[in-house]
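Opening the notebook on this one.

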Amino acid sequence: MVPKNHLTSSEIFAFLDLETTGGNASYDRITEVGIRFWQDVEIIGEYQTLVNPETRISSFIERLTGITNAMVADAPVFAGIADVLREKLDGVIFVAHNARFDYSFIKSEFRRLGQAFSAPVLCTVKLSRYLYPEFPRHNMDALIARYGLAQVRRHRAMGDVSAMFEFFRYAMADKGQERFEEALRFLLKRPSVPSHLPADILSDLPRCPGVYRFYGEKDVLLYVGKSTSIQQRVASHFSGDHNTNKDVRISESLRRVEWTETAGELGALLLELKQIKGLSPLFNRRSRAAKTLVSIELAANRSGYLQARLVREIEPHRLGDYYGLFRSKKDAERALRGIAQKNDLCNKLLGLEPEREGPCFQRTLGRCNGACDGGEDVVRYNLRAQIGFHGLRLKTWPWQGPVGVVERDQATGRTDILVIYNWLHITTVHHEDELHEISVHGARVTFDLDSYKLVVKALMGQDGRQLTVIELPGTGEPDVLMP
Ligand SMILES: [Zn+2]
C-alpha cells in the first residue's frame, strides 16, 4: 500500500510527448501530441492526435518523425484541440523527456491563442540524472538501450511516451518509494522556504505590487526586487525557477523579508531603482553608476554653423536642447562618429578632430562638403545637422508644470499619486487633496538616467500603460543634483 500523502498516489501525472516542425518553440509548430495519464499506479487515460501545424513540414523532419504534410493536412489545428487539451492538463503534473522543450511548445501554442498556460513540470531527463548519476547519458535512446525498454516507434509521440513511462515505473520500483518520492519533490521544486525563514512566510506577503527586500545575517541587505505581486515573486525565488548560483546564495543567506506596497507598477519600478541605488544591496547587479553622464549640445559657431559640444551639466527644464544621454565621454563620441558618418557631417564641427586652423581632415580628402571652410551653405548644413541629431533629442517635458500620475490597485484600493516634473520623480502622495500642498520649488532630486528613461517610457505610453495624469500649477523649479 502506498500512503496517500505521496505524490505518486495523490497527483495525476501526464506523460506527454510532442512532435514538431523543428526545435524552436517561438516559430516551429506542433504536429502531434501524445499523452498518457497516470494516477495511483494506474493508467487512467490516453490522448493522442496529429495536429495540423499550419506551416510546411520540411522533408528532413518528415523523414525524422514519419509525420508528413499529407498526414496532417486534415488533422485539427492547435486552436481546435486547445480547449480539450487545457481541460485534460488542468491540475496535472506535466511529465516529459527534456520537458523544457515540450513545455515551451505547449506554452507557445496557447500564447498564440492569447492564453496563458502553466503546470508543474517534471523532466524525466533530470529524474534519470538525479537517480542514476553514475550514467553519462540520459537521452531517450540511452534509456531504451540501458533498461531494455519496449522497443517502440521512436520519434512518434505515443512511442516516446511509452518509453518515458516505462522508465518512470522502472525507476520507482528500482529505487523504492521513499527515494523516488524524494527525487520527485526535489525536481518539482515545490517551493521550499529557506530554512532560516518562518515556514509560513509566503502567506504573510501581500499579492499587490511593490518592492521587497531580502536581508541576511547582521541585517545585511542582500537583494531588492519589485513585482506586481510581491508574494508571487518572492515565492519564485524559493521555487528554484531561476536556479542560478546567485539565487541559491541568496536563499542560503536569507534571514528576513521586508516589503513596501505600491499601488502600481510605475511606483514599484521607481522605488526599486531608488533603493538599489541608495541602499546598494549585495546581490543586485549594479547598473554602472552614472557618475559621468554626458550629453551633446548643438550651438552655432562664429560663422553660424552648428557645432557639437559635450556637456556634463544638464538643466532638466530645457531637455529639448540636448541630444542623447551617455554614460561616458567615449559613448558620446561613438554616437557622434556614427551621426557624422551617416549624415556626412563635418568631423571638425562635431568636435571629433583636435582644434586647429583650417578645414577638417575629411575636407582635405574631399569627403566633407565644407562646413568647416565655408564651402557648404550654412542653412543647408544646419538643417542636415538637425536632421542627423533629431533621433537623439531628449524629450521635452510636454506639460506646463509638474503632474500627478495616478496609480490605483483595484484589489487593495490603494492609490499612489507620483508627482513628476521634467521626467523626475519628486514625491508620492496618496490623496488628490495633498496635491495642492505640493511645491516642487526647492525640492531636492538627483537626476538619474534609468529613472528618466523609465518615466519617459511610461508617460509617453511606449509600454502601453494607460495612466491618469493630473496637471499641477507650476510652482518653481526643483533643485536638481547631477549624479
Ligand atoms: Zn569639414
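Predicted model: local features only at pLDDT ≥ 70, side-chain atom pairs only at ≥ 80, totals over all residues.

Started with the domain assignment, which lists domain 1 (7–188), domain 2 (201–279), domain 3 (294–392) and domain 4 (403–481).

Next, helix H6 (residues 124–131) and helix H9 (residues 177–188). I found that their axes come within 10 Å and cross at roughly 130 degrees. Angles over 145 would count as roughly antiparallel and 65 to 115 as roughly perpendicular, so I have H6 and H9 down as oblique to each other. The crossing of H6 and H9 is right-handed.

Which residues meet there? On the H6 side I noted Lys126, Leu127, Tyr130 and Leu131, and they meet Arg179, Phe180, Glu182, Ala183, Leu184, Phe186 and Leu187 in H9. By class, I get eight nonpolar and three charged residues for this contact, with no polar ones.

Then helix H14 (residues 329–343) with helix H16 (residues 378–389). These axes come within 10 Å and cross at roughly 125 degrees, which makes H14 oblique to H16. I logged the handedness of the H14 and H16 crossing as right-handed.

For the contact itself, I wrote down Leu336, Ile339 and Asn343 from H14, meeting Arg384, Gly388 and Phe389 from H16. How does the contact of H14 with H16 split by class? I have three nonpolar, two polar and one charged.

Terms used
Residues numbered from 1 in each chain as written. Heavy atoms only, no water. Domains from an automatic or database assignment. Axes fitted to C-alpha atoms, helices over the stretch in contact; angles between N-to-C directions. Helix = DSSP H or I, 4+ residues; strand = E, 2+ residues; numbered from the N terminus. Parallel < 35°, antiparallel > 145°, perpendicular 65-115°, else oblique. Left-handed = near helix turned anticlockwise from the far one by under 90°. Contact = heavy atoms within 4.5 Å. Nonpolar A, V, L, I, M, F, W, Y, C, P; charged D, E, K, R; others polar.
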